[in-house]
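Here are some notes for a colleague who has not looked at this structure before. Please read them alongside the sequence and the view below.

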Amino acid sequence: MNKVKITVLKTTFDAELAALYGAEGLDACPMLKEGQIFYADYAKPEGFCDEAWKAVYQYAFALAHGAGKGVFYYGDWIRTPGVAICSCNDGLRPVIFKLEATDEVAGIDYTPVR
């Protein structure tokens, strides 16, 4: 299993929908900022948003386990092997991520209980 590089590409904000449905003072995601980089394997990286992880983990898992040699969904979504562009599922202020397969081998960072 290899590590996956996760880059925050964009933090977005839908002002029109926020005006209709958002809480007073709502703005772009306060948890992440553009340009941040994280490395993951099977687990959420330190400092990464829990809700965003739920939305992107399956791509990180696939890339960590060798899906980086091909493209996702028959090449009709992303044209670059080893890359996935994903977002969290916040409808008013989604964050856009680039996930990339790496050659950096992941290591166990816990002590097995058995």
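1. The model is a predicted one.

2. Four strands make up an open sheet, in the order S2-S1-S4-S3, and their pairing is antiparallel. At the edges lie strand S2 (37-40) and S3, each of which pairs on one side only. From one strand to the next, the twist averages 30 degrees.

3. Helix H2 (residues 50-64) packs on this sheet and touches S1, S2, S3 and S4. The direction of H2 makes about 30 degrees with that of S4.

4. Strand S1 (residues 2-11) and strand S4 (residues 95-105) run antiparallel and are joined by eight bridges. Within this pair, phenylalanine 97 of S4 has valine 8 opposite.

5. S4 also pairs with strand S3 (residues 83-87), in the antiparallel sense, over five bridges. Here serine 87 is found opposite isoleucine 96 of S4.

6. Which residues form a nonpolar patch on the surface? They are Met1, Tyr42, Phe61, Ile108 and Tyr110, and together they have about 540 Å² of accessible area.

7. One member of the patch, Ile108, lies in the segment after S4. Is isoleucine 108 buried or exposed? Its relative accessible area is 61%, and exposed means over 50%, so isoleucine 108 counts as exposed.

Notes
Residues numbered from 1 in each chain as written. Predicted model: local features only at pLDDT ≥ 70, side-chain atom pairs only at ≥ 80, totals over all residues. Heavy atoms only, no water. Pairing = 2+ DSSP bridges. Helix = DSSP H or I, 4+ residues; strand = E, 2+ residues; numbered from the N terminus. Patch = residues over 30% accessible without salt bridge, like charges linked within 9 Å, V, L, I, M, F, W, Y side chains within 5 Å. Areas by Shrake-Rupley, 256 points an atom, 1.4 Å probe, with all protein chains shown as cover. Salt bridge = Lys/Arg side-chain N within 4 Å of Asp/Glu carboxyl O. Buried < 20%, exposed > 50% of the residue type's maximum accessible area, 1.4 Å probe, protein only. Axes fitted to C-alpha atoms, helices over the stretch in contact; angles between N-to-C directions. Contact = heavy atoms within 4.5 Å.
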